[in-house]
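Open the model in your viewer and keep the selection tool at hand.

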Amino acid sequence: MDDRSWMYRDSPQGLRRMDYCNGVQGFINFTTFIPRNFTDGGIRCPCRKCKNLKFLHQDVVTMHLLTKGFMEDYLCWHAHGELFVPNESMVERVVGSTFSASNMHEVGNDNSNSYKNMVMDAMRMTEGNVSECPIIKEEPNTDAARFFDLLKDSNEPLWDGCTNHSKLSVVAQVFTIKSDHGLSEAGYDKIIEWARNILPEGNRLNENFYSAKSMMKPFGLGYQKIDMCPNFCMLYYFENVELTEPMTCGHSRYKPRTGREKTFVAYKKLRYFPITLRLQRLFMSQRTAERVTWHQSHHAVDGVMMHPSNDEAWKHFNSMHPHFSAESRNVSLGLCTDGFNPFGSFSAPYSCWPVILTVYNLPLGMCMRPEFMFLSMVIPGPSSPERNIDVCLRPLIDELTRLWSSRALTYNILRKQNFVMRAALMWTINDFPAYGMVSGWSMYGKLACPYCMENNKAFTLTNGGKASFFTVTVVSCHRITVTERTKRISLLAELKSMLHLHVFLVKNCMMLCQSTVTLCLVSNQVSISFLVLV
Amino acid sequence: MFGLQSGKHKFPGFGLTHNWVKRSIFWELPYWKTNLLYHNLDVMHIEKNVFENIFNTVMDVKWKTKDTIKARLDVAMFCNRKNMELVCDGLGVAKPRASFMLEKNAQLLVYKWLKSLRFPDGHASNISRLVNTEECRLFGMKSHDCHVFMQKLGL
């Protein structure tokens with residue numbers, strides 16, 4: 001690699017030096033010399049703003065580089081076909097970057113199609129070369145191998161010669177459209193039938209929704225439907241799955257059958273999305289596999305909490321479970337849940353409770369992204385589960401216990417190894433009422449504070465009926481003494497009776513008004529009808 | 001496995017020495033007892049609730065204000081605030097205006113000011129769009145907007 005110091009040298013008063021201009025010309029010559037750099041007639045623009053994400057004409061790229069300068073840390077032009085040469089600071093990044101260099105061409109082609117990207121990203125394991133990697137390579141375990149085979153099968157081009165669409169990417173796109181716009185199954189089938197007529201002969205588009213769904217099913221994106229009691233008293237799950245008669249509250253499991261229905265329909269269904277497969281996917285995809293160990297590899301600044309892994313609770317957990325913390329690929333999870341109304345806040349009250357798991361292994365920019373927040377279950381409404389949320393959490397807790405003790409054999413694409421993954425739930429995050437439901441410490445009454453517990457001076461407001469934590473003992477300028485209060489009680493009682501009378505009067509007046517209005521209306525109608533008659 | 005029937009199932013001493021209603025299912029996780037933190041509170045969510053309650057009370061939003069007749073009765077019961085107590089003049093009961101409550105003109109001024117607010121890109125959502133000056137209400141404030149309101153705009 002020749003001297004690249006010209007790329008980031010300061011320019012006086014915003015003017016570019018001659019060697020910079022020559023360098024940019026050299027860069028353009030170098031890039032245009034390699035034909036695979038071209039995508040849609042343009043090359044990647046490495047300027048400070050485009051950051052290799054846009055494909056532009058070479059003249060535009062020259063203009064960008066002259067006005068904006070190169071993006072940071074781009075001494076090696078690896079996205080433009082240059083081989084990655086490690087120097088001292090880049091040694092640890094060598095594995096990941098050679099990967100990206102060798103696959104940059106494919107990535108470049110996919111840029112317009114995020115679904116293709118998704119598939120290609122998972123597929124990279126079959127194409128990548130990690131010969132620099134010193135660790136012994138292993139074949140993926142049976143489950144992972146089956147998954148990769150499936151992926152390979154469904155990644156066939158849509159028709160022979162099609163470059164930018166695969167069987168899987170098209171189905172994923174149409175599924176998204178279907179769910180976004182509430183398309184019916186019949187509507188889906190019609191559109192697919194039409195699309196198959198347009199596409200060239202011998203295309204591999206699934207003929208209907210059923211076959212497309214069967215293709216997607218083995219990827220593990222599905223969910224289980226578990227019947228539950230509408231009063232949240234039990235799940236028909238595991239040993240109770242066969243029960244048709246209720247055991248506790250007396251509410252039947254199925255709706256009464258009306259006539260010709262063949263199947264039983266349950267009153268309420270819990271949707272449970274298994275978490276293990278999705279956690280394993282994190283290690284099987286190239287892009288995420290290198291980030292999942294971030295929580296141990298990043299450098300923490302003393303006295304600054306940048307990530308939950310810097311805090312006391314995390315360190316305590318690690319010290320208590322050295323076996324767990326020794327493997328940086330073990331997953332730490334957080335759980336959060338809250339009720340919301342999916343039908344908008346102004347319609348009928350409905351409280352549906354999604355339970356979401358977050359992966360704290362990932363770096364800050366990723367761990368709070370929607371794609372890495374795993375929806376684990378949806379507890380249906382219309383009422384909130386209140387303290388019986390535990391009943392609904394049962395499948396999740398069972399799976400978490402399995403993930404801790406019996407573990408899951410996972411294939412790590414980065415190191416080309418199989419390893420046993422474990423997962424631990426670190427904590428839950430809720431708002432105050434949900435805190436009460438999850439923890440078991442009721443959030444109502446005088447003992448609502450889970451820290452003060454019974455050591456507080458809360459009292460119940462006589463009229464509001466709520467607990468007040470406004471301490472009585474503190475002598476403040478606007479507090480009255482106890483003797484004063486006893487004097488006031490009689491006065492207040494008089495006031496209250498007055499208030500009731502007032503309310504009574506107002507109500508009566510309103511009724512009177514209403515009745516007169518109706519009377520007028522009636523008399524009007526009578527007169528009108530009379531007129532008509534005449 | 002089985003849920004609790006609300007109201008019936010109570011441990012002895014509930015509400016007096018403790019507030020436990022159940023043994024949380026998380027304790028069935030084998031490592032849960034070694035955790036230092038079990039449950040966390042979502043501070044942004046609480047900040048939103050606090051903001052909404054203060055704002056609705058100060059702006060005297062109907063059905064949303066916490067300054068109700070019952071609250072005034074309690075004030076008379078426990079506090080030494082003569083100007084906040086309900087006034088009984090023989091015909092009816094009147095609720096005197098509280099000192100922290102804004103008058104109608106002042107409220108309108110606040111809403112007009114909110115309507116004209118402009119923020120830098122990405123700082124908060126466009127609050128001027130969330131104001132309904134006719135109904136004197138704020139709609140659709142996200143928790144981050146409430147945070148900006150509390151921290152930057154001052155309340």
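**Start in the sheet**

Select A:Gly334 and A:Trp427: A:Gly334 stands opposite A:Trp427, which belongs to strand 10 of chain A. Bear in mind throughout that this is a predicted model.

Now extend the selection to the two strands. Strand 5 of chain A and strand 10 of chain A run parallel and are joined by 6 bridges. On its other pairing, strand 5 of chain A meets strand 6 (residues 353-359) of chain A in the antiparallel sense, over 5 bridges. To find a place in that pairing, select A:Cys336, which stands opposite A:Ile356 in strand 6 of chain A.

How many of the 7 residues of strand 5 of chain A are buried? Select residues 331-337 of chain A: 5 of the 7 are buried, so this strand is largely enclosed by the rest of the structure.

Next, select residues 268-272 and 373-379 of chain A. These are strand 4 and strand 7 of chain A, antiparallel and joined by 2 bridges. Within this pair, A:Arg271 has A:Val378 in strand 7 of chain A as its bridge partner.

**Across to chain B**

Go to residues 423-430 of chain A. This is strand 10 of chain A, which runs parallel to strand 1 of chain B and is joined to it by 3 bridges. Select A:Ile429 and B:Asn40 to see one position where the chains face each other: A:Ile429 stands opposite B:Asn40 in strand 1 of chain B.

Then select the whole contact between the chains, which takes 55 residues from chain A and 44 residues from chain B. On the side of chain B that touches chain A, strand 1, helix 1 (43-58) and helix 2 (69-78) of chain B each supply at least two residues. Helix 2 of chain B gives the most to that side, with 7 residues. By type, the residues on this side of chain B are 23 nonpolar, 14 polar and 7 charged.

**The nonpolar cores**

Select A:Leu235, A:Leu270, A:Leu333, A:Met377, A:Cys392, A:Ala423 and A:Met426. Of the 54 residues in the largest nonpolar core, these touch the most other members. Helix 15 (residues 389-405) of chain A provides the largest share of this core, 7 residues.

Centre on A:Leu270. Leaving out residues up to four places away in sequence, A:Leu270 touches A:Ile226, A:Met228, A:Leu235, A:Met377, A:Ile379 and A:Cys392. Another core, of 8 residues, lies apart from the largest one, and its members include A:Phe27, A:Val61, A:Leu65 and A:Phe70.

**Last stop: A:Lys68**

Select A:Lys68, in helix 2 (residues 58-68) of chain A. A:Lys68 is partly exposed, with 13 other C-beta atoms within 10 Å. Beyond residues up to four places away in sequence, A:Lys68 touches A:Cys47, A:Arg48 and A:Lys49. Draw a distance from A:Lys68 to A:Arg48: they are 20 residues apart in sequence and 5.9 Å apart in space, C-alpha to C-alpha.

Key: Residues are numbered from 1 along each chain as its sequence is written. Chains are lettered from A and ligands numbered from 1 in the order in which they are written. This is a predicted model: local features need pLDDT of at least 70, side-chain atom pairs count only at pLDDT 80 or more; totals for chains, interfaces and linings use all residues. Two strands pair if DSSP finds at least two bridges between them. Helices (H or I, at least four residues) and strands (E, at least two) are DSSP runs, numbered from the N terminus. A nonpolar core is a set of buried Ala, Val, Leu, Ile, Met, Phe, Trp, Tyr and Cys residues joined through C-beta atoms within 7 Å. A residue is buried if 20 or more other C-beta atoms lie within 10 Å of its own, exposed if 12 or fewer, and partly exposed in between; C-beta atoms are placed from the backbone. Two residues are in contact if their C-beta atoms, placed from the backbone, lie within 7 Å. Ala, Val, Leu, Ile, Met, Phe, Trp, Tyr, Cys and Pro count as nonpolar, Asp, Glu, Lys and Arg as charged, and the others, Gly among them, as polar.
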